[in-house]
Amino acid sequence: MGITPECVARQEHPAPDHPARDAAQANPPYDVFARACPSRGTLEHVTGRWGALVLGALYEGSLRFNQLRRRVDGVSEKMLSQTLHTLQRDGLVHREAQPANPPRVDYELTPLGREVAERLLALIECVEGRMDEVLAARARHDAARGGR
């Protein structure tokens, strides 16, 4: 796909006080806020419902398909397969097929996948640690809207 004009536009007009962008000055000029930038798709794969959970589960170590399916409670076989394929294509997950009978396939994070998963796990821990506040906010919001 390549770097699009929208991706490089941020070099001319960077957002003020944006830590991620400040840290990325030495990296290629990608801008997830630009519609055509390829980084947006990868961000969607990583932060989507199943992508984040698969990356988090694989951070614990290599897993076979059914182990991963049990760990990520609620994911269908089809969605898990699609998610793994997408994350593998993005270079975040490595698939290792072992010559055995029955066939054995293991999934593990690549070095890039580990780095992304570490950051996701920090977000997951933050959300889990603040759920009491989230639930209280939801209750206040719903009560103000008439119990909805």
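What is the phi of Gly-61, the residue that follows helix 4?

1. The model under review is a predicted one. In it, helix 4 is followed by Gly-61, whose phi is positive, near 140°.

2. Helix 4 spans residues 49–59 and is mostly covered, with eight of its 11 residues buried. The buried positions are Trp-50, Gly-51, Ala-52, Val-54, Leu-55, Gly-56, Ala-57 and Leu-58.

3. The largest nonpolar core comprises 23 residues. Those with the most contacts inside this core are Val-54, Leu-55, Leu-58, Leu-68, Leu-84 and Val-93. At least two residues of the core come from each of helix 4, helix 5 (65–71), helix 6 (77–89), strand 3 and helix 7. Helix 4 gives the largest share, namely six residues.

4. Leaving aside residues up to four places away in sequence, Leu-55 touches Val-46, Leu-87, Leu-92, Val-93, Leu-109, Val-116, Ala-117 and Leu-120. Leu-55 is also among the residues of helix 4 that meet helix 7.

5. Helix 4 packs against helix 7 (residues 111–129) at an angle of about 105°, and the two axes are 9 Å apart. Since angles from 65 to 115 degrees count as roughly perpendicular, helix 4 is therefore roughly perpendicular to helix 7. On the helix 4 side, the contact is made by Ala-52, Leu-55, Gly-56 and Tyr-59. Their counterparts in helix 7 are Arg-114, Val-116, Ala-117, Glu-118, Leu-120, Leu-121 and Ile-124. By class, the residues of this contact are eight nonpolar, one polar and two charged.

6. The sheet is open and consists of three strands in the order 1-3-2, with antiparallel pairing. Strand 1 (63–64) and strand 2 (93–98) are the edge strands; each has a single partner strand, so one side of each has no neighbour in the sheet. Strand 2 and strand 3 (residues 104–109) run antiparallel and are joined by six bridges. Within this pairing, His-94 has Glu-108 of strand 3 as its bridge partner.

7. Helix 4 also bears on the sheet: helix 4 lies across strand 1, strand 2 and strand 3, and runs at about 95° to strand 3.

Notes
Residues are numbered from 1 along each chain as its sequence is written. This is a predicted model: local features need pLDDT of at least 70, side-chain atom pairs count only at pLDDT 80 or more; totals for chains, interfaces and linings use all residues. Side-chain values use heavy atoms; hydrogens and water are left out. Axes are lines fitted to C-alpha atoms, for helices over the stretch in contact, and angles run from 0 to 180 degrees between N-to-C directions. Helices (H or I, at least four residues) and strands (E, at least two) are DSSP runs, numbered from the N terminus. Angles under 35 degrees count as roughly parallel, over 145 as roughly antiparallel, 65 to 115 as roughly perpendicular and the rest as oblique. Contact means heavy atoms within 4.5 Å. Ala, Val, Leu, Ile, Met, Phe, Trp, Tyr, Cys and Pro count as nonpolar, Asp, Glu, Lys and Arg as charged, and the others, Gly among them, as polar. Two strands pair if DSSP finds at least two bridges between them. Buried means under 20% relative accessible area, exposed over 50%, partly exposed in between (1.4 Å probe, protein chains only). A nonpolar core is a set of buried Ala, Val, Leu, Ile, Met, Phe, Trp, Tyr and Cys residues joined through side-chain atoms within 4.5 Å.
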